[in-house]
Amino acid sequence: MTPTLVLLVVGLTPRLLGPHTPNLAAFARPGGLRPLSTVVPAVTCTVQSTLLTGLLPREHGAVANGWYFRDLAEVWLWRQSNRLVAGEKVWEAGKKRDPAFTAANLFWWYNMYSSVDVSATPRPMYPADGRKIPDHYTEPPELHDELDRLLGPFPLFRFWGPLADIASSRWIARATAHVLETRRPTLTLCYLPHLDYGLQKWGPDPADPRVAADLRAVDALAGELIERARARGMRVIVVSEYGIVPVRDAVWINRVLREAGLIRVRLELGREQLDAGASRAFALADHQLAHVYLQHGTEPAAVKALLERTPGIGRVLDEEGKRALGLDHPRSGELVALAEPDRWFAYPWWLDDARAPDYARTVDIHRKPGYDPMELFLDPALRFVKARIAGKLLLRRLGFRTLLDVIPIRPTSLVRGSHGLITEREEDGPLVISSEPRLLPEGPIAATAFKDLVLAHVFDA
């Protein structure tokens, strides 16, 4: 067996390789770059599950970054248990071939309670007083304190939200280096999310100085890990899940359903909450795809026609359409809406911003029944927003409960990049780069073939 490092550099595309990525460009230069033919939706949890299992969403079940749990009548995004993903994982296949095979997973999703040997993943603490305290979860448990002593606490608030920056990817890269040195796994998976933030905020133009700076920052981290791995005689694969494309605004899909009388809300302290279990139709918005769940005898054809008339929606998939894309799983919506290439789906259902739920203006990935890229921004309508944040943090330290309600909910045109669809051009889509070009097929690599490609690197087959 040849130890192998897999670096997942989120959002990296052939178009972004160039003068701002000297390490990654040099790594690709010997001929080891191929386009990755990804799956729909091209979002984190779905693509990673396909890469690790070789299965389509219809088989592994991760139909988006979350879904409607029908038995609970609740939407849940960003769950962490690996038991939500069906199918044999790449490390399980490796162990079948050789019982001495070991694997480490550093921050790829669905990382808790898997059969991997070593893992680390973000896991905040939520004390009863309402605080959210940055932390991470590891296997084995003693790795948690090792990483804290070496690196300090995991920088959760720089992993996602308006403060997200290179600090979280740097922490993950250094944790990966520590695991390589102390555990020496056969297969190591490392997740570097840094590009995701700026490409969504500013768009995927490498000529933008802010994007160029992000490219240089993540390239430096990737270069260090590649050099460290090659010095240990390891093979290296760089992969990305999706390419981020320019977008100009959102599609307010739940407001369309609300105005058609299909969504039920309930008032809590004067604010509207989505009543998913009582709604005849509602959408779980996830970047450029939305799962539309129908209940209580709602006629699919009528909702499909309504959505097809909605500006910004490119296609609406029924059962046949879902089957063609491998999305015909019970967790999927009865209908699946795909945005036009320059649009994305916003989750809000309320028509009056004064009645928005209290979490709408906060970073809250678990309460919102949909992905919200607005969490990357501070509300431009707020004056002295940094002073406002400092005051609220002081109140929290003094023991008061207060909301960090500084996230915008209206100017969705702030978001300049999104993903979820198959990109029109390969140079704007995801990629695979290998230190072993001879192991790569000619032409694009299917996401479903990536698991076997990793095993070929380890077992030289």
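Helix H5, residues 142–151, has these buried residues: Leu-143, His-144 and Leu-147. Keep in mind that this is a predicted model. The general rule: an α-helix has 3.6 residues a turn, so residues three or four places apart point the same way. And what does that buried set pack against? Strand S6 (118–122), strand S7 (136–139) and helix H6 (166–182). Just after H5 comes Gly-152, with a positive phi of about 85°.

Now the charges. The structure holds 28 salt bridges. I'll take some of them.

Arg-58 pairs with Asp-328, 2.7 Å from N to O. Arg-58 is in helix H3, and Asp-328 is in the loop between helix H11 and strand S17, so the bridge ties together parts 270 residues apart in sequence. Arg-58 is partly exposed, at 30% relative accessibility. Asp-328 is partly exposed too, at 26%.

Next, Lys-451 and Glu-88, at 2.9 Å, N to O. Lys-451 belongs to helix H13, and Glu-88 to the loop between strand S4 and helix H4, so this pair ties together parts 363 residues apart. Buried or partly exposed? Lys-451 counts as buried, at 8% relative accessibility. Glu-88 is partly exposed, at 28%.

Back to H6. Glu-181 meets Arg-232 in a salt bridge of 3.3 Å, N to O. Glu-181 lies in H6, Arg-232 in the loop between helix H8 and strand S9, 51 residues apart.

Last, a network: salt bridges with shared partners join Arg-15, Arg-425, Glu-427 and Asp-428.

Note on methods: Residues are numbered from 1 along each chain as its sequence is written. This is a predicted model: local features need pLDDT of at least 70, side-chain atom pairs count only at pLDDT 80 or more; totals for chains, interfaces and linings use all residues. Side-chain values use heavy atoms; hydrogens and water are left out. Buried means under 20% relative accessible area, exposed over 50%, partly exposed in between (1.4 Å probe, protein chains only). Helices (H or I, at least four residues) and strands (E, at least two) are DSSP runs, numbered from the N terminus. Contact means heavy atoms within 4.5 Å. A salt bridge is a side-chain nitrogen of Lys or Arg within 4 Å of a carboxyl oxygen of Asp or Glu.
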